[in-house]
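Please keep the sequence and the model at hand while reading.

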Amino acid sequence: MSDLSAIVKAYDVRGTVPEQWDTRAAEALGAAFAQLLRTSGEQRETVVIAHDMRASSPGLAAAFAAGVRAEGLGVLDVGLGSTDLLYYASGSLDLPGAMFTASHNPAQYNGIKMCRAGAKPIGQDSGLAELRDRAQALLDKEEARPTPQVLPPLERRDLLAAYAAHLRTLVDLSGIRPLKVVIDAGNGMGGHTVPAVLGDAVLPALPLEIVPLYFELDGTFPNHEANPLDPANLVDLQDAVRRHNADLGLAFDGDADRCFVVDERGEPVSPSAITALVAVCELAKHPGATIIHNLITSSAVPEIVREHGGQPVRSRVGHSFIKAEMARTNAVFGGEHSAHYYFRDFWFADTGMLAAMHLLAALGEQDGPLSALAADYERYVASGEINSTVRDQRAKLAEVRQAYPDAETDDLDGLTIRFPDGAWINLRPSNTEPLLRLNVEAPTAQRMATLRDEVLGLVRR
């Protein structure tokens with residue numbers, strides 16, 4: 001019997017297959033999804049479904065579709081796709097959707113990212129908890145549920161070309177200088193979408209020479225995990241950029257909704273710098289617009305947004321919070337420290353591919369190297385996220401707060417402490433584990449290291 005509370009997280013479904021969930025659980029989740037849509041007034045007759053390249057994904061997606069259809073809704077199956085392709089389908093067709101992927105997690109995992117029509121997010125506080133309870137009730141019943149004599153339609157459609165064409169309308173790369181780009185797909189869905197969007201597989205060629213790494217779709221991830229947030233998984237990309245004298249390197253995660261960047265030297269470019277760069281691009285088209293950034297992005301982001309006439313708005317970490325804040329403020333763009341990038345032109349949804357295209361446009365419209373371009377957006381030194389196992393998180397947060405009685409604090413997401421010299425720390429609890437996550441930023445490396453070690457000493461004492 002599946003315990004869905006173990007796999008339904010704050011923003012999505014995620015767990016090992018078949019240990020934590022299987023096709024029976026997927027069918028119950030599909031039925032519960034259809035019920036949730038009906039009871040919440042979602043007047044749609046069809047759910048769009050896509051899946052990644054993991055071995056378990058087609059079977060789980062098919063079981064979910066069976067649950068949806070058993071509850072009286074039709075299914076549009078778009079087959080293999082990235083998560084942002086699913087968001088494109090949901091947004092352009094105005095349909096609720098489900099993407100079967102475990103993103104950057106290892107091969108034994110799988111999951112579901114669900115959205116309402118128009119790619120509107122479903123999170124713990126916006127329907128996911130109710131969906132979990134409905135699905136658990138279905139699983140707990142001993143008797144089999146009756147199957148309707150006439151099932152709603154199941155249609156299959158390939159949207160890859162339409163997705164690629166839509167992205168090409170948002171950023172014009174046809175006039176940039178020629179660029180050599182190494183792209184590491186990590187055997188994930190970038191191997192499916194990059195040739196369509198940036199190559200010439202379905203659309204006219206762009207002035208890009210693409211050097212592909214690990215484009216073969218393989219859910220066992222034979223070369224390295226499809227998690228570019230781990231520096232170990234960038235080593236092959238960095239080496240290839242140097243070896244090929246490329247202008248830059250791009251790395252996508254397993255479902256290709258996040259994009260990480262290295263410059264021509266093979267050095268990583270921080271997601272905060274990419275957020276600031278893309279914000280400047282969007283503000284050039286939409287003067288005075290609002291830009292969302294989560295509270296762990298660099299202080300350089302709101303500074304640069306203000307310098308270019310924009311309105312920065314700070315948000316909690318997590319896509320459901322970012323998307324809700326973007327919708328509330330009609331923000332043109334939003335960025336997170338984890339390399340999720342959100343666009344109003346893309347139904348407020350996240351797409352690493354579109355962020356990569358903005359970067360290519362900015363680099364290709366001038367003659368300097370990426371390292372020089374990115375330096376304009378790197379103003380501080382950051383620690384990166386550091387996890388510590390802490391059982392009594394509330395007590396430890398209080399202890400850290402008391403250690404800095406004269407500093408400015410806020411509680412938007414965990415505990416943020418700001419210092420007069422521009423340094424800051426954020427310490428926030430994990431949603432799913434007994435962890436405290438620490439991020440530190442300061443004007444100098446020495447100040448960052450001192451503050452980081454000081455706080456870690458308190459947290460781990």
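Which residue forms a salt bridge with R452? The partner is D453, and the closest N and O atoms of the two residues are 2.9 Å apart. This is a predicted model, in which local features need pLDDT of at least 70 and side-chain atom pairs count only at pLDDT 80 or more, while totals for chains, interfaces and linings use all residues. Residues are numbered from 1 along each chain as its sequence is written, and side-chain values use heavy atoms, with hydrogens and water left out.

**Salt bridges overall**
- A salt bridge is counted when a side-chain nitrogen of Lys or Arg lies within 4 Å of a carboxyl oxygen of Asp or Glu, and this rule gives 26 salt bridges.
- K113, D255 and D257 are joined in a network of salt bridges.

**The pair R428 and E385**
- R428 and E385 form a salt bridge whose closest N and O atoms are 2.7 Å apart.
- This pair links distant parts of the chain, 43 residues apart, with R428 in strand β22 (residues 424–429) and E385 in the loop between β18 (381–382) and β19 (386–389); strands (E, at least two residues) and helices (H or I, at least four) are DSSP runs numbered from the N terminus.
- R428 is buried at 8% relative accessibility, whereas E385 is partly exposed at 35%, where buried means under 20% relative accessible area, exposed over 50% and partly exposed in between (1.4 Å probe, protein chains only).

**The pair R447 and D421**
- R447 and D421 meet through their side chains in a salt bridge of 2.7 Å, N to O.
- R447 is partly exposed at 26%, and D421 is partly exposed at 39%.
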